[in-house]
Amino acid sequence: MTIADAAHADATRFRPAGRIRRRVRAIGWGALAAFALVIVGFLIWANTPYRADRGAVIEVWANPAVQVQYLDEGILMTPARVDANGTGLVFVPGARVEAHAYMLQLSGVVAESGVTVLITEPTLNLAFFDMRTLDQFTTAAPEVDSWFVGGHSLGGVRACLMTPGADVDGLVLFGSYCANDVSDSDLRVLSIAGENDLLSTPAIIDENASLLPSSATFVTIEGANHASFGDYGPQSGDGERTITSEQMRAELTALLNELLG
């Protein structure tokens with residue numbers, strides 16, 4: 001065999017191995033590209049939240065009884081015309097819902113009862129990506145003596161997870177429920193459901209009621225759907241609402257006044 005024949009034989013022998021390596025590299029790059037597309041798609045999805053109704057936000061800013069501040073901890077609303085009553089509520093928004101969307105619905109208890117309300121602004125608009133503890137939010141209002149924590153939908157689930165080991169007196173759930181068991185705690189709990197909520201239905205809330213203390217108060221607001229707890233327009237998969245934003249605010253204010261005021 002000549003030197004040329006030997007070289008040709010070696011090249012032929014190693015060619016399949018080269019093809020396999022190239023195929024493996026192509027598959028690897030393809031998988032990496034697909035993963036990158038998933039990540040980009042998720043970031044776009046997370047950063048396109050349900051936007052707050054502009055008119056509702058302006059109404060709060062125009063209310064002389066409520067003072068609004070934007071802090072590192074979140075959106076702080078404090079009473080401007082009545083004395084602060086020493087009670088505060090840290091409120092966690094629902095998944096992909098802008099924090100501003102809850103300002104109007106929560107402003108009533110601030111103006112009427114002097115409650116301090118802090119609405120958090122979770123990372124990527126998703127409560128589970130915000131791993132801050134309750135005491136990292138309460139620094140926004142050190143003058144508050146008694147803190148409650150609450151949230152809407154996924155924000156309520158996150159609020160429940162913030163209670164163990166925290167200096168907190170109670171829990172407020174808007175169209176939500178706990179995924180962890182707090183039934184042995186001495187928390188004062190208010191769970192509010194929407195009659196027409198098809199995302200966190202009253203039935204689902206009832207199924208998870210055993211995870212809350214036996215003293216928990218359960219209320220269902222007639223005509224309310226999942227999105228009624230904020231002001232951000234209709235939400236995909238939700239039921240129809242037959243209650244106005246003003247009526248919803250009055251209902252929530254009355255319930256929160258009883259608990260926090």
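Reply: Helices (H or I, at least four residues) and strands (E, at least two) are DSSP runs, numbered from the N terminus. The model is predicted, so local features need pLDDT of at least 70 and side-chain atom pairs count only at pLDDT 80 or more, while totals for chains, interfaces and linings use all residues. Residues are numbered from 1 along each chain as its sequence is written, and side-chain values use heavy atoms, with hydrogens and water left out.

Me: What pattern does the protein chain follow along the sequence?
Reply: The protein chain contains 6 helices and 8 strands. Read along the sequence, these elements give the pattern α-α-β-β-β-α-β-β-α-β-β-α-β-α.

Me: What percentage of the residues of the protein chain count as buried?
Reply: A residue is buried under 20% relative accessible area, exposed over 50%, and partly exposed in between (1.4 Å probe, protein chains only). The protein chain has 261 residues, and the share of them that count as buried is 49%.

Me: Which element gives the most to the lining of the largest pocket?
Reply: On a 1 Å grid over the protein atoms alone, a cavity is a set of points where a 1.4 Å probe fits but cannot get out, whereas a pocket is an open set with protein on both sides within 12 Å along at least five of seven lines; lining residues have an atom within 4 Å of a point. β5 (146–152) and α4 (154–162) each supply at least two residues of the lining of the largest pocket. With 3 residues, the element that gives the most is α4.

Me: Which residues lie closest to the centre of the largest pocket?
Reply: Grid points are joined across faces, edges and corners, and a volume is the space filled by probe spheres set on the points. The largest pocket holds about 220 Å³ of space. Of the 17 residues that line the largest pocket, the closest to its centre are Leu134, Asp135, Thr138, Ala166 and Asp167.

Me: How many nonpolar, polar and charged residues are in the lining of the second largest pocket?
Reply: Ala, Val, Leu, Ile, Met, Phe, Trp, Tyr, Cys and Pro count as nonpolar, Asp, Glu, Lys and Arg as charged, and the others, Gly among them, as polar. The second largest pocket has a volume of about 160 Å³, and β7 (188–194), β8 (217–221) and α6 (245–260) each supply at least two residues of its lining. By class, this lining has 7 nonpolar, 2 polar and 2 charged residues.

Me: Which residues line the largest cavity?
Reply: The count comes to 1 cavity of 30 Å³ or more, and about 40 Å³ of space lies in the largest cavity. Its lining divides into 4 nonpolar, 1 polar and 3 charged residues. The residues are Val92, Thr120, Ala127, Asp130, Arg132, Phe137, Arg158 and Met162.

Me: Why does asparagine 225 count as buried?
Reply: Asparagine 225 is found in the loop between β8 and α6. It counts as buried because its relative accessibility is 5%.

Me: How far from a polar atom of the side chain of asparagine 225 does the backbone oxygen of glycine 239 lie?
Reply: A polar contact is a pair of N or O atoms within 3.5 Å; within protein, one must be able to donate a hydrogen and the other to accept it, and residues adjacent in sequence count only if both atoms are side-chain atoms. The backbone nitrogen of alanine 227 lies 3.3 Å from a polar atom of the side chain of asparagine 225. For the backbone oxygen of glycine 239, the separation is 2.8 Å.

Me: With the side chain of which residue does the side chain of histidine 226 make a polar contact?
Reply: Histidine 226 lies in the loop between β8 and α6 and counts as buried at 1% relative accessibility. At 3.0 Å, the side chain of histidine 226 makes a polar contact with the side chain of serine 153.

Me: Which residues is glycine 230 in contact with, leaving aside its neighbours within four places in sequence?
Reply: Contact means heavy atoms within 4.5 Å. Glycine 230 lies in the loop between β8 and α6, and its C-alpha atom is separated by 5.2 Å from that of alanine 101, 129 residues apart along the chain. Leaving aside neighbours within four places in sequence, glycine 230 is in contact with Ala101, Tyr102 and Gln105.
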